[in-house]
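Have a look at the structure first.

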Amino acid sequence: MSSSKQPASTSFKAPDSSRLQLDEQGRLRHFLTTDGLSKDILTEIMDVAESFSSVGQQAVKKVPVLRGKTIVNLFFENSTRTRTTFDLAAKRLSADVINLNIATSATSKGESILDTIRNLEAMQADMFVVRHSASGAAHFIANNVEPHVSVINAGDGSHAHPTQAMLDMFTIRREKKVFSPLKVAIIGDILHSRVARSQIHALNTLGVKEVRVIAPKTLLPSDTDSLGVHVYSDLATGLDDVDVIIMLRLQRERMGSALLPSEHEYFECFGLTEEKLAYAKPDVMVMHPGPINRGVEMDAAVADGPHSVILQQVTNGIAIRMAVMTLALGQAKGAEQ
Amino acid sequence: MDTDVTSIDIDAVIELMANQLADQMKRKNIVEPLMIGIHTGGLWVATKLHQKLGLTKPLGEIDISFYRDDFTRIGLNPQVKPSHIPSEVESEHIILVDDVLYTGRTIRAALNEIFDYGRPDSVTLAVLVDRGARELPLHADIVGLELDLSPEKQVKLTGPTPLALETNRS
C-alpha cells in the first residue's frame, strides 16, 4: 500500500494473503478481494449471477436458497447504494437480514470490532457483509470468525471493493461477451480508489487485452507499475480505441486539497463529454460505480446517453451479490460434488 | 430384472408421449398450453415435444437449483443455468416436462419456482421415464416408459442428439 493520507486507514495490519478466501477444496468461503482469485472462480461468480438475473423478472422476486440463514450487513462507513443492493440480494435469497450502521469514530479499533462480531455470532449470524474505512477490516474479521461464518468485503479503505469490481466485470461480459480483445480505460482518482484496485486485478485475471488508467499524476498510487496497467495523463490519447470506459467517483472532500485544484479544472482535463467520447471505439460502453457528480466526472449527456450502462450496473449488482452470498454459504463442509 | 435401457428408441417414446399429450389437451379443452422443460434432460425432451405438438407459445426453461431442498447438505450446483419463461404464467395451462421422475423432489422444486412467476390455471406433468420409488405424493400425467430399477442404479438421459438413456451404478 502506498502511504495514502487516509485518516482512519492504519488500524489494521495490511491484508496479505488471498488464501483466506478459499476452503480446503479451493471453493469460495469469504470474498475479500479479487486479487489472487483464479479466472475459474471469477467466471463461476459471473455464471451463477447470470442464473440469478432471472429472479428479478419473477412475480415473486425471491428464491428460497438461503432460507433460514442470517446475514448481517455491518457498515462502519456510510453507503446507500451498496448497502441497499446487499440488503435486497440477501432478501431475494430468502435470508434474514440485519442492517447495522456503526458510525466510525477515531477510536474505533480492532478490539471493539471483535466484541461486536462475538455478539453477533452469539446470535447465530451466518454471514457478515463488512464495509469499513480502514483497509484490511474485512480480512481482520474473516480471520477471527467461527468456521461456519462467511465474510464479504463491501469495501475496505482504499484496498478493495470486490463485489463492485465483479458487477462491473459481469456488466462488461453481458455487453461484450468476451474479455480477450478488450481495451479498458479506468479514469479518475486511482490513488484512493478501492474499486479501481479490485477492477484492475479482475480485468487482468480475466485476460483483457489492455488495462489503462487515466489520471492526474497526483492521483496515481506509487505502486502503479506493479498493477499491470498502462498509465496515461491525457484523456484524448488514453481513450484512443478503447472498448470500455470506467469512470471513478471523485470524492468531493478531496477537492481543493493539494491533490486537486478545482472541480472545474478537473472536468476540463478528465471529465467525460460527448466530444471526448469520440476518441474511443464507436460502440464504447461507459460505466460509473455511482453516485455520479454530474459536470465533474462526466456530462449529463454522457451519463444518460446511449453508451452509458450505469443503471444496468445497479441491476447487475444485485445478481452478483446474490451469487457471492450463495457461493460462500453454499459450500457445505465436506460436501462432494 | 433390470432392463437394458440403452437400446430404447427414445424418439419413438417421445412420439408416443406427444400423441398422449395431444389427446389429453383435447380432453381438457386446453388450446394453447405453455410448455416448460426442466434443465437439462427435461428441456431436451420438451424441445422435441414442443416441436411435435406444434405449440405456438415459446418453450420455457427452468433450472431448479435455487429451489432444491438439499442445498444445506450438498451446496450449490455449479452448473446452474438461468431460468427463462418467455411468457406469462398467470392463468396459463402449463405442461411441465422432465426426463426422469424418481423421488419427486425435483418436481416439487419446479412447481415452487413456477408459482413464483404467477398462478397457473393447471399444471400437467409429462416425464420420459418413471422409475418409481417416490418420496412425495406426486404422479405424472404422461409417462413415456416405466422402468423398474434397483435403488443403487442411476438412469440418465444423454443428448441432445441423439437422445439415449444410460444406466450406471452410483
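Two strands pair if DSSP finds at least two bridges between them; helices (H or I, at least four residues) and strands (E, at least two) are DSSP runs, numbered from the N terminus. This is a predicted model, in which local features need pLDDT of at least 70 and side-chain atom pairs count only at pLDDT 80 or more, while totals for chains, interfaces and linings use all residues. Residues are numbered from 1 along each chain as its sequence is written, with chains lettered from A and ligands numbered from 1 in the order in which they are written.

Start with strand E3 (residues 127-132) of chain A, which runs parallel to E4(A) and is joined to it by five bridges. In that pair, A:Val130 sits opposite A:Asn153 of E4(A). In general, strands of a sheet pair through backbone hydrogen bonds, either parallel or antiparallel. Zoom out and you'll see an open sheet of four strands in chain A, ordered E2-E1-E3-E4 with parallel pairing. Strand E2 (96-101) and E4 of chain A are at the edges with a single partner strand each, so one side of each has no neighbour in the sheet. Direction ignored, neighbouring strands here are turned by 15 degrees against each other on average. Packed on this sheet is H11(A), which touches strand E1 (70-75), E3 and E4 of chain A, and its direction makes about 145 degrees with that of E4(A). (Axes are lines fitted to C-alpha atoms, for helices over the stretch in contact, and angles run from 0 to 180 degrees between N-to-C directions.)

Now for the domains, whose bounds come from an automatic or database domain assignment. Chain A splits into domain 1 (19-160 + 315-329) and domain 2 (162-314), and their C-alpha centres are 25 Å apart. Counting two residues as in contact if their C-beta atoms, placed from the backbone, lie within 7 Å, 27 residues of domain 1 of chain A touch 23 residues of domain 2 of chain A. On the domain 1 side, helix H1 (39-52), strand E4 (150-156) and helix H11 (310-329) of chain A each supply at least two residues, and H11(A) gives the largest share, six residues.
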